[in-house]
Amino acid sequence: MEQMRAAGFPEGFLWGSASAAYQIEGGWKEGGKGMTNWDAFVRIPGKTYKATTGDVAVDHYHRYKEDIALMAEMGLNTYRFSVSWARIFPEGTGEVNEEGIAFYQDIIDECLKYNIEPMVTIYHWDLPQALVDEYQGWESPRIIDDYVHYAKTLFSRFDGKVKYWITLNEQNIFTSLGWLTAQHPPGKFDDQKMFYQVNHHAFMAHAKAVLAYRQMGGKGQIGASFAYTPSYALDCKPINAMAKANYDDLKNYWWMDVYAYGRYPVAAMTYLKKKGIAPDMADGDKEILRQAASQITFMGVNYYQSCVCEYNPMDGATPYGTMNTTGVKGSAQELGMPGIYKNPANPYLMTTDWDWSIDPSGLQFCCREITSRYALPIVISENGLGAFDKKTEDDQIHDEYRICYLKEHIKALGEAVEEGCQVLAYCTWSFTDLLSWLNGYQKRYGFVYVDREEEEGGTLNRFKKDSFYWYKKVIETNGKEI
Ligand code: BGP
């Protein structure tokens with residue numbers, strides 16, 4: 001394979017991979033864990049691809065030692081994983097479940113044994129169902145104190161061992177899919193007012209957890225992970241350039257400005273107020289958001305694709321078009337906000353089988369934008385290619401397309417570093433194959449193949465893909481040989 005020289009990554013750069021509890025653990029009724037919103041949601045007919053669930057997932061709950069040993073063999077120096085809130089507090093709050101603490105304590109110790117820096121996501125979408133039953137979860141401001149209590153428990157129990165904390169994973173995604181498109185729990189459709197309200201609660205939970213961490217003497221790195229889809233205007237027509245500005249305010253800065261500055265973008269807020277869908281805020285919220293913004297130490301970025309912005313007439317594309325969850329190329333519909341913007345396909349980019357554009361430069365754009373707009377260090381907390389992988393009869397997985405995807409993205413990231421962006425870590429999604437929330441098990445992302453399909457019953461054995469050996473080399477050479 002052709003060797004390329006990437007720009008120099010700083011010493012101590014963290015090369016990692018990421019996962020999320022629901023997508024990898026399984027053991028859904030074990031270890032005293034309580035039920036979650038996802039345990040309930042996947043049981044509603046038609047919600048997930050071929051009714052797949054994370055009941056067993058890829059059985060990381062029982063195989064974490066084997067998985068972390070594989071990470072060590074590869075030379076990974078950080079592992080980003082999430083804690084399932086319902087393993088720590090089965091009812092969302094109240095008594096701590098010591099078995100849950102012990103499970104994550106073991107994972108952390110196992111990582112540290114191999115010098116793998118544990119990077120902990122406090123919330124990656126699986127919410128204790130008890131809090132939904134009690135007060136509708138994120139819809140109520142009561143979630144803020146419960147989340148902070150949960151976060152503080154993790155801070156104190158894993159004190160000294162965990163130096164990287166991610167408060168929320170992709171707040172923009174779980175709220176959009178949960179309250180606008182009904183594709184995630186709680187499955188609400190087009191509830192725009194509640195969408196912004198839920199987001200405000202999530203911002204307050206994040207902010208209060210960040211402040212609590214510092215009050216407790218936490219000196220580590222803390223921030224949120226944002227699903228950043230950078231945008232290009234279709235052309236230089238002013239109306240399309242304005243569509244891009246509107247998209248950026250409503251789809252990107254709405255979240256990143258709050259994390260980094262502690263305030264909402266003005267034009268977007270003015271628009272929401274006119275429409276009567278701006279969030280209600282309590283006295284003092286603005287000050288708390290502002291204080292927390294001064295305490296985060298990085299912007300977490302999950303980057304998969306870029307998009308194009310074009311003016312969208314009032315009768316144009318909506319946010320509710322069909323999403324491709326089957327891997328049948330071309331089945332996704334164009335999305336947009338009527339009267340504001342739409343996202344046509346980019347004719348200059350190739351797409352994955354799930355219709356996601358492949359754009360390494362987009363990653364560089366993300367880094368440049370964060371650096372000049374927020375002057376914050378960056379953690380790339382997810383980046384990867386979902387693909388159909390085939391295991392040969394002699395147990396090989398030749399995923400050269402994944403190597404190619406990651407290579408080009410690492411090159412672009414290296415250029416961002418050369419340009420002065422302070423990037424702390426690069427985590428691929430994912431280390432082992434795992435459950436894709438809406439796309440089942442056939443959409444694979446890992447360096448390690450797991451023997452299972454949509455239905456239960458595979459051996460769940462692990463097999464190293466070609467990309468495993470390739471990434472090992474990338475890490476060994478600190479990104480010099482890609
Ligand atoms: C991000 C999520 C991950 C993961 C990834 C891949 O949005 O944080 O949990 O699922 O996307 O997405 P998908 O599984 O839909 O292909």
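Q: Where is Ser430 found?
A: This is a predicted model. A cis peptide bond joins Trp429 and Ser430. Strand β14 covers 423–429 and β15 covers 448–450. Ser430 is found in the loop between β14 and β15.

Q: Which residue does a cis peptide bond join to Pro185?
A: Omega of this bond is about 10°.

Q: Is Asp190 buried, partly exposed or exposed?
A: Asp190 lies in the loop between α8 and α9. Its phi is positive, about 55°, although Asp190 is not a glycine. The relative accessible area of Asp190 is 34%. Buried means under 20% and exposed means over 50%, so a value of 34% makes Asp190 partly exposed.

Q: Is Leu460 buried or exposed?
A: Leu460 is found in the loop between β15 and β16 (462–464). Its phi is near 65°, a positive value in a residue other than glycine. The relative accessible area of Leu460 is 10%. The cut-off for buried is under 20%, so Leu460 is buried.

Q: Which side chain makes a polar contact with the side chain of His124?
A: His124 is found in the loop between β3 (117–123) and α6 (129–135). It is buried, with a relative accessible area of 1%. Residues that His124 touches include Arg80, Glu382 and Trp429. The polar contact spans 2.9 Å, and the partner is Asn169.

Q: What radius of gyration does the protein chain have?
A: The C-alpha atoms fill a box of roughly 60 × 55 × 45 Å along the principal axes. With 482 residues, a compact globule would have a radius of gyration near 23 Å. The chain agrees with that, at 21 Å.

Q: Among contacts between residues at least 6 apart in sequence, what share joins residues at least 24 apart?
A: The secondary structure comes to 15 helices and 16 strands. Of the 482 residues, 61% count as buried. The share of those contacts that join residues at least 24 apart is 76%.

Q: How far apart are the mean positions of the positive and negative charges?
A: The accessible surface of the chain comes to about 18500 Å², with 52% belonging to carbon and sulfur atoms. The chain has 48 positive and 63 negative charges. Their mean positions are apart by 3 Å.

How values were computed:
Residues are numbered from 1 along each chain as its sequence is written. This is a predicted model: local features need pLDDT of at least 70, side-chain atom pairs count only at pLDDT 80 or more; totals for chains, interfaces and linings use all residues. Side-chain values use heavy atoms; hydrogens and water are left out. Helices (H or I, at least four residues) and strands (E, at least two) are DSSP runs, numbered from the N terminus. Buried means under 20% relative accessible area, exposed over 50%, partly exposed in between (1.4 Å probe, protein chains only). A polar contact is a pair of N or O atoms within 3.5 Å; within protein, one must be able to donate a hydrogen and the other to accept it, and residues adjacent in sequence count only if both atoms are side-chain atoms. Contact means heavy atoms within 4.5 Å. The radius of gyration is taken over C-alpha atoms; the globule rule is 2.2 Å times the number of residues to the power 0.38. Accessible areas come from the Shrake-Rupley method with a 1.4 Å probe; for residues, only the protein chains shown count as cover. Lys and Arg count as positive and Asp and Glu as negative; His and the chain ends are not counted. The place of a charge is taken as NZ of Lys, CZ of Arg, CG of Asp or CD of Glu. Lists of a residue's contacts leave out its neighbours within four places in sequence.
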